[in-house]
Structure formats: structure tokens, C-alpha cells
Amino acid sequence: MQFKDVIGQETLKKHLLKSVKEGRIPHAHLLWESEGYGAFPLALAYAQYLNCHHRTETDSCGECPSCRQFSNLAHPDLHFIFPFAADKPQDARCDQMLPTWREFVKAQPYFGLRQWMAYTGETTKKGMIYSNESEVLLSKLQLKSYEADYKTILIWLPETMNASCSNKLLKILEEPPAGTVFLLVSEHPEQLLQTVVSRTQMLRVGPVDAESMSQHFSPEIVHLAGGSVTQARQLVGDEGENRAYFELYRQLMNCVVTKNLVALKSWSEQLAGSGREQIAGFLEYAQHLTREAFIRNLNNEQLSYYNPYENEFLQKFMRCIHTGNIERVSEEWTRAHREIGQNANSKLVLFDLGLQLLTQIKL
Ligand SMILES: [Zn+2]
């Protein structure tokens with residue numbers, strides 16, 4: 001991954017390049033983003049740049065042995081820690097998943113947890129970083145670096161780390177071994193130990209600017225994606241998933257406006273069976289479609305870049321979402337999303353969500 005392959009984020013690239021040029025390499029960076037803004041590819045490009053034998057002012061060369069190993073994600077001094085779902089947590093180690101991980105990341109460096117979990121064939125269990133990982137990390141740190149100037153430890157979503165593991169990570173960050181660079185890519189730094197955060201240099205990775213996005217996506221998609229490359233890709237390609245989410249939304253709203261608690265109960269049971277990542281995906285979609293209904297109700301204008309089935313539904317549904325309930329309804333989606341992320345009982349969260357919406361949304 002070179003800097004030129006990272007979409008937008010020019011200010012951050014300049015900042016990172018400048019820090020290398022001036023020899024100020026922090027031992028730990030925390031790149032904080034929302035899904036799809038590009039923190040992960042940015043971290044990879046930075047690690048490759050640090051170790052490139054022929055780097056230029058603006059990028060790694062892409063051709064030296066180090067760069068070639070980096071682009072295959074196979075450099076012996078590049079280590080990954082990432083969440084996944086293991087059958088036997090007590091034996092789980094990221095290295096077991098490494099071939100799958102490399103294949104996945106090489107195919108597309110912009111992704112979210114949901115896509116990764118789906119790629120590993122896991123749809124129900126929650127992905128996490130298991131406790132063994134700190135031991136594995138410690139033993140890797142004790143090895144001399146093979147050939148690189150810097151040993152790089154790239155931790156994707158450290159917030160999914162098991163508690164004892166993050167305590168050990170803290171110990172390591174408190175006395176960082178020389179010549180090692182930690183790159184933490186997080187979507188929820190508020191869920192990390194404050195003491196871990198304070199040991200890192202935090203870089204806020206914001207949405208990709210519209211101009212850079214528009215070099216890859218149509219104006220409609222750029223508008224809808226809100227600076228997230230993952231979101232944009234999903235809007236372009238994932239028609240099937242979109243349709244499934246829409247059906248769930250339509251069914252839920254049907255239960256809500258008809259106050260049908262029996263149907264609501266079976267709706268929540270059905271969705272609860274499909275796994276946390278899928279539920280989270282649905283809740284994000286629902287938030288999105290609800291806002292669109294509100295905006296249409298407010299401006300009475302129909303935007304062309306929704307699917308025909310969504311347009312038809314919104315035409316009738318938009319009057320149900322207005323200034324009197326939009327805030328509460330938005331909060332309900334957010335709350336449910338948070339609780340699902342916190343491992344609450346999905347069935348209860350979804351049923352309760354329906355009950356709350358029932359008091360807010362009326363025909
Ligand atoms: Zn190079």
C-alpha cells in the first residue's frame with residue numbers, strides 16, 4: 001500500500017511524511033476514524049514508507065524488496081492483530097487467520113468489521129481480539145527485527161480486545177521496545193483504556209473529501225456515502241444486502257404503525273437470529289432511511305438516487321417522520337446499535353426498539 005493508493009486524506013499524509021522527514025517517529029499512533037474513511041490503508045502506507053529503501057519525498061518506491069513484501073502483507077517485521085471469531089477462544093491466535101486476512105486485505109483495503117466477519121464465514125459470533133494475543137505479541141517483540149528499520153505492529157479495532165489483553169498491551173506501551181512502531185486503528189477510542197490512549201499520538205481521520213471520492217464514484221454515491229469508501233462500495237455493489245435491509249425496515253414499520261405486538265415479537269426474533277454484525281448493518285441502514293424520510297417530508301422533494309422500491313415506500317412513509325419525532329427516533333436507532341455492540345440480548349433490544357418506535361411513529 002502506497003500513499004498514492006489512499007483516497008484523499010492529503011493533510012494526514014503530509015503530516016506523516018513530515019514527521020518521518022524530521023525523524024520524529026512516535027512509538028505509537030492511534031488513528032481514529034469512522035468505518036471507511038481510510039485509517040487502515042493509511043496506516044499500512046505509513047508502515048511501508050517507514051521501511052522503504054528508496055523512499056521519495058512523497059511516497060514509498062513500491063519496488064524495493066521491502067515494498068514488495070509490504071504489498072504482499074508478508075514482510076517479516078509487519079505484524080497484524082485483528083478481531084475474529086474463534087471456536088476455541090483459549091487457543092485463538094490471529095496468526096491462524098493470517099492467510100485469510102492477507103487475501104481479504106489485499107483484495108480491498110477499505111473494509112469494516114462486518115465485511116471481514118462475513119469473509120471469514122462467520123455471521124453469528126462477534127469478532128474479538130482474544131487474550132492469547134498479548135503473549136504472542138510479547139514473544140514477537142523479543143525477536144530481533146529481521147531486516148526492517150522498524151518492527152510494525154498494526155492493531156485493527158483494539159476496542160475489541162479482551163480486557164486482560166489490553167492491560168498487557170498497556171504495559172508494553174508504557175515501556176515501548178526500541179525500533180517498534182505501534183499503529184492502532186480504532187473506530188471507538190472511547191472504549192479503549194484511557195491509559196492506552198494517552199500513550200499514543202492520536203490522529204483523527206475524518207471523512208474523505210468529496211473531490212477525492214468523486215474520482216472513484218458517481219456524484220449520487222458520493223453524496224450518500226458521507227466520505228466513507230466502504231459505504232460507497234456498498235451502495236454501488238451490494239444490492240442484495242440493501243434489499244434485505246429494506247424488507248426488514250418495511251416489516252418493522254408495518255408492525256409499528258399497526259401496533260401489532262405479535263408481529264413485532266416475531267420480527268425481533270427473526271432478526272435476532274441473524275448475528276450482531278448483520279443487525280448493526282440493518283440499524284445503520286434504518287437510521288439512514290429514516291433521515292431520508294424526514295428530509296423528504298421537510299422539502300417534499302424526491303431524490304433520484306434511491307432504488308425504486310425505496311422511493312415508492314418513502315413516498316407514503318415520509319409523513320410519519322417529522323420535526324416532532326425525528327430526534328427521538330434517531331436516538332432509538334443509535335441506542336439499539338450501541339447495545340447490540342455491547343453484547344446485550346439482541347431479541348430484547350430489538351423488541352424494545354419496536355416498542356419505543358411504536359410510541360413515536362404514527363400514521
Ligand atoms: Zn520501497
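The structure is a predicted model, in which local features need pLDDT of at least 70 and side-chain atom pairs count only at pLDDT 80 or more, while totals for chains, interfaces and linings use all residues. Residues are numbered from 1 along each chain as its sequence is written. The chain holds 17 helices and five strands; these are DSSP runs, numbered from the N terminus, with helices (H or I) of at least four residues and strands (E) of at least two. Its radius of gyration is 22 Å, close to the 21 Å that the globule rule gives for 363 residues, so the chain is as compact as a globular protein of that length. The radius is taken over C-alpha atoms, and the rule is 2.2 Å times the number of residues to the power 0.38.

**Overall form**

- Along the principal axes, the C-alpha atoms of the chain fill a box of roughly 65 × 45 × 35 Å.
- Of the 363 residues, 39% are buried (20 or more other C-beta atoms within 10 Å of the residue's own; exposed means 12 or fewer, partly exposed means in between, and C-beta atoms are placed from the backbone).
- Among contacts with a separation of 6 or more, 76% join residues 24 or more positions apart; a contact requires C-beta atoms, placed from the backbone, within 7 Å.

**Domains**

- The chain is divided into domain 1 (3-206) and domain 2 (238-360), with bounds from an automatic or database domain assignment.
- The centres of the two domains, taken over C-alpha atoms, are separated by 34 Å.
- Six residues of domain 1 are in contact with eight residues of domain 2.

**Nonpolar cores**

- The largest nonpolar core has 66 residues, of which L31, A43, Y46, A47, L183 and V185 touch the most other members; such a core is a set of buried Ala, Val, Leu, Ile, Met, Phe, Trp, Tyr and Cys residues joined through C-beta atoms within 7 Å.
- Helix α2 (residues 39-51) gives the most to this core, with 10 residues.
- Leaving aside neighbours within four places in sequence, Y46 is in contact with L16 and L183.
- Another core lies apart from the largest one and has 29 residues, among them L264, F282, I321 and V349.

- In strand β3 (residues 151-156), six of the six residues are buried.
- K151, I153 and I155 point one way from β3, and T152, L154 and W156 point the other way.
- Strand β2 (residues 78-81) runs parallel to β3 and is joined to it by four bridges; strands count as paired if DSSP finds at least two bridges between them.
- F80 stands opposite L154 in β3.
- Six bridges join β3 to β4, which also run parallel, and W156 has V185 in β4 as its bridge partner.

**Selected residues**

- E187 is found in the loop between β4 (180-186) and α8 (194-198), and E187 counts as partly exposed because it has 19 C-beta neighbours inside 10 Å.
- Beyond its neighbours within four places in sequence, E187 is in contact with E33, S34, E35 and L157.
- Q9, in the segment before α1 (10-21), has a positive phi near 60 degrees although it is a residue other than glycine.
- Q9 counts as buried, with 25 C-beta neighbours inside 10 Å.
- N343, in the loop between α16 (326-341) and α17 (346-360), is a residue other than glycine with a positive phi, near 75 degrees.
- N343 counts as exposed, with 10 C-beta neighbours inside 10 Å.

How values were computed: Contact = placed C-beta atoms within 7 Å.
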